[in-house]
Each structure stands twice: as C-alpha cells, then as structure tokens.
Amino acid sequence: MSLQSLALIENWPVPTAAAGVVRADGTVLGTHGPVDHRFPLASVTKPLAAYAALVAYEEGAVELDEPAGPPGATVRHLLAHTSGLAFDEHRTMSAPGERRLYSNAGFEQLGDHIAKATDIPFAEYLRQAVLEPLGMTSTSLEGSPAKEGVSTVADLLRFAAELQAPRLLDPRTVAEAMTVQYPGTKGVLPGYGHQNPNDWGLGFEIRGAKSPHWTGSSSSPRTFGHFGQSGTFLWTDPDAQVAAVTLTERAFGPWAIEAWPVFTDAVLAEVHG
C-alpha cells in the first residue's frame, strides 16, 4: 500500500523532505522522498534519549524518582520538563514540579546522570540500548541528548513501530511514558505559546486538548511524539494505531505550523478511508 497523502511534502517550501507511516507490527504503509537520507533531528532526539533513559531504569541503573539535575529534582522531573531548569541554560528558574519549562539543559543533565550511573558515555549507551537492537544503523547522537541526533525516516519508522508495540521495554513502562506527568501543569510549547495545561509524559509530548498544535485536528488526544526545530516530527496515534515520521532540512516556522496539521489529517483520513 502506498499512501497518496505523503506526496503533500512535495508542496512544502523545503530543500529536502522524506516521510513515512508505520503500523505497530512494523508494516510500513507508505513512504515518500529519500528515506535513507540522514537529517539533523533537533528535538526529535529527545524521544530517543528518553527511551534510553527508560531502558536504564528497567536495567536498574537509575530510578525514576531518584535525585537528578537541580536540587530537589528527579529523573522523572527531567524527562517531564518540570525540573525547573531554563530552556538552554543550566540555571534554575522555578522549583521542581511547579511549571512545565521545556528544557534542553534538562535533557543534557539527564544524559550526564545516566552516563555516570552506567559508566558509559550517553551516546554509546543510546546506541547499545536502543539503536542497535532496533537495527537503526543510520542513527547517531553527535552531541547533546536534547537536540543533536541524526537519523533517517527508515530508522525512525523502526523506532515508531517500537513505540506502538514495545520489545525493548515492558509495555507498562511505555504506557507510563505516554501518561501525563504532573497533570495540570502550565507551560510554553515552543513555537505555540502558553498552554494550560501543557501535557507531557516521560520525554514525549502528549497532545491532549492543546490548540493550536502541530498534529492534526483529527489526531486523538492520546497522540504523543515530538517535533524539532530542524523541521522534523514523529507522532504516534494509539487510537488510529499508526505512527508518522517526517524529516526536512528547513527550520521550523510559519510554513510548518500551516503544513503539518494538513499533512497529518490527510494521512489519518487515508489510513482510515
């Protein structure tokens, strides 16, 4: 099956783009564009880093509620963007659990914490724990666990299948990661402004009732995923039982705010048509 809706990326004002859609059993429903082209992921790196953190938790290297990051914060706070750390600076802006402060610094401290706990550099731990077992041979972490991953649509479709039918983690751990942490917390969704509530799980943004949003108007509230400032996104819609990955080489901006929801709605309509 080839999805016609994926061809919408042809109309986007981007130099290069690739997209794909996958079911839980790994069946790729369609792809478009150069699926083996390596794109900078920007913040789509975070779900990969979060998954590695959850492997470390299941291996007993860390506990979700052990101290990590700024005073009073835990691994869970870092994953859920509630540690109080600033966006891109290693300074504290609020008490842990008080506000949803989307933080690259938090993911960098998370990576450091896991590297210390496992005695393995975080990029290598991610490779051993997630990338290698899933056959994601074209994916690497080139620096910050918050934003410096590089990958392909082909690789991320493997990861998106894993999110829907976990093999590396206990399904209960993944269910926890897709459950709102610190419900009712207000915050800013980068590019979309203040939201109340601003729902996040463990390393994954949860759509909930957010409006405006980068997913579609027909995306279920349970949809979870992440987008990146390099014009990238990955979402999984448990109700639709499908996931989509789109990678581009143009910075996120008004073009994406306009194009992405239309794309997502077209994909969901076609999958269920």
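Which element gives the most to the lining of the largest pocket? Helix α6 does, with three residues. The model is predicted: local features need pLDDT of at least 70, side-chain atom pairs count only at pLDDT 80 or more, and totals for chains, interfaces and linings use all residues. Residues are numbered from 1 along each chain as its sequence is written, and side-chain values use heavy atoms, with hydrogens and water left out. Helices (H or I, at least four residues) and strands (E, at least two) are DSSP runs, numbered from the N terminus.

**Largest pocket**

- The largest pocket has a volume of about 290 Å³, a volume being the space filled by probe spheres set on grid points that are joined across faces, edges and corners.
- A pocket is an open set of points, on a 1 Å grid over the protein atoms alone, where a 1.4 Å probe fits, with protein on both sides within 12 Å along at least five of seven lines; lining residues have an atom within 4 Å of a point.
- The lining consists of 16 residues, and Leu163, Met178, Arg222, Phe224 and Pro238 lie nearest the centre of the pocket.
- Two or more residues of this lining come from each of α5 (153-164) and α6 (171-177).
- By class, the lining has 11 nonpolar, four polar and one charged residues; Ala, Val, Leu, Ile, Met, Phe, Trp, Tyr, Cys and Pro count as nonpolar, Asp, Glu, Lys and Arg as charged, and the others, Gly among them, as polar.

**Packing of α1 and α4**

- The axes of helix α1 (residues 45-58) and helix α4 (residues 122-131) come within 9 Å and cross at roughly 75 degrees; axes are lines fitted to C-alpha atoms over the stretch in contact, and angles run from 0 to 180 degrees between N-to-C directions.
- The two helices α1 and α4 are therefore roughly perpendicular to each other (65 to 115 degrees).
- On the α1 side, the contact (heavy atoms within 4.5 Å) includes Leu48, Tyr51 and Val55, and on the α4 side Phe122, Tyr125 and Leu126 are among the residues involved.
- This contact of α1 with α4 has 11 nonpolar, no polar and no charged residues.

**Backbone features**

- The peptide bond from Asn196 to Pro197 is cis, with omega near 0 degrees, and Pro197 is found in the loop between β7 (193-195) and β8 (205-206).
- Ser211 and Pro212 are also joined by a cis peptide bond, with omega about 0 degrees; Pro212 lies in the loop between β8 and β9 (224-228).
- Although His81 is not a glycine, His81 has a positive phi of about 60 degrees, and this residue is found in the loop between α2 (75-79) and α3 (104-118).

Terms used:
Parallel < 35°, antiparallel > 145°, perpendicular 65-115°, else oblique.
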